[in-house]
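Here is a short report for a reader new to this structure. Look over the sequence and the model first, then read on.

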Amino acid sequence: MEGLRAAGLDDVAIHDATQIIGFFNYINRVADALGVQPEDFVRPWGED
């Protein structure tokens, strides 16, 4: 927490980031468990 505050985040920003990160973690695990495949139009990260 102190590191995030030192980086300029306030409690609201830390809360919001935690909620978003937690949601993405959750939804990725659900998708993996159900065998969801990425859409064909989605390129791998870093590929231009």
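Is Asp 11 buried, partly exposed or exposed? Asp 11 is partly exposed, with a relative accessible area of 47%. Here buried means under 20% relative accessible area, exposed means over 50%, and partly exposed lies in between (1.4 Å probe, protein chains only).

## Basis of the model

This is a predicted model: local features need pLDDT of at least 70, side-chain atom pairs count only at pLDDT 80 or more, and totals for chains, interfaces and linings use all residues. Residues are numbered from 1 along each chain as its sequence is written, and side-chain values use heavy atoms, with hydrogens and water left out.

## Overall picture

The protein has two helices and zero strands. Both kinds of element are DSSP runs, numbered from the N terminus: helices are H or I with at least four residues, strands are E with at least two. The C-alpha trace spans about 40 × 30 × 15 Å along its principal axes.

Of the 48 residues, 2% count as buried. The protein exposes about 4,600 Å². Carbon and sulfur atoms supply 60% of that area. Accessible areas come from the Shrake-Rupley method with a 1.4 Å probe; for residues, only the protein chains shown count as cover.

## The helices

Helix α1 covers residues 2-6. Glu 2 has its place in this helix.

Helix α2 covers residues 11-34 and has 24 residues. From its first C-alpha to its last, helix α2 reaches 35 Å. That is close to the 34 Å expected at 1.5 Å a residue. The expected span is 1.5 Å times one less than the number of residues. Just after α2 comes Gly 35, with a positive phi of about 75°.

## A salt-bridge network

Side chains of opposite charge can pair when their charged atoms come close. A search of the whole structure finds two salt bridges. The term means a side-chain nitrogen of Lys or Arg within 4 Å of a carboxyl oxygen of Asp or Glu.

Arg 5 and Glu 2 are three residues apart in helix α1, so about one helical turn separates them. Arg 5 is partly exposed, at 34% relative accessibility. Glu 2 is exposed, with a relative accessible area of 58%. Arg 5 also forms a salt bridge with Asp 11, and here the closest N and O atoms are 2.7 Å apart. Through shared partners, the salt bridges join Glu 2, Arg 5 and Asp 11 into one network.

## Aromatic pair and nonpolar patch

How many aromatic pairs does a search of the whole structure find? The search finds one. The ring centres of Phe 23 and Phe 24 lie 5.9 Å apart with their planes at 80°, so the pair is edge-to-face. Rings of Phe, Tyr and Trp (its six-membered ring) pair if their centres lie within 6.5 Å; planes under 30 degrees apart count as stacked, over 60 as edge-to-face and the rest as tilted. Phe 23 is partly exposed at 47%, and Phe 24 is partly exposed at 48%.

Phe 23 and Phe 24 also belong to a nonpolar surface patch with Ile 20, Tyr 26 and Ile 27. Together these residues have about 530 Å² of accessible area. Patches are made of residues with over 30% relative accessible area and no salt bridge: like charges are joined within 9 Å, nonpolar side chains (Val, Leu, Ile, Met, Phe, Trp, Tyr) within 5 Å. Ile 27 is found in helix α2. Its relative accessible area is 35%, so Ile 27 counts as partly exposed.
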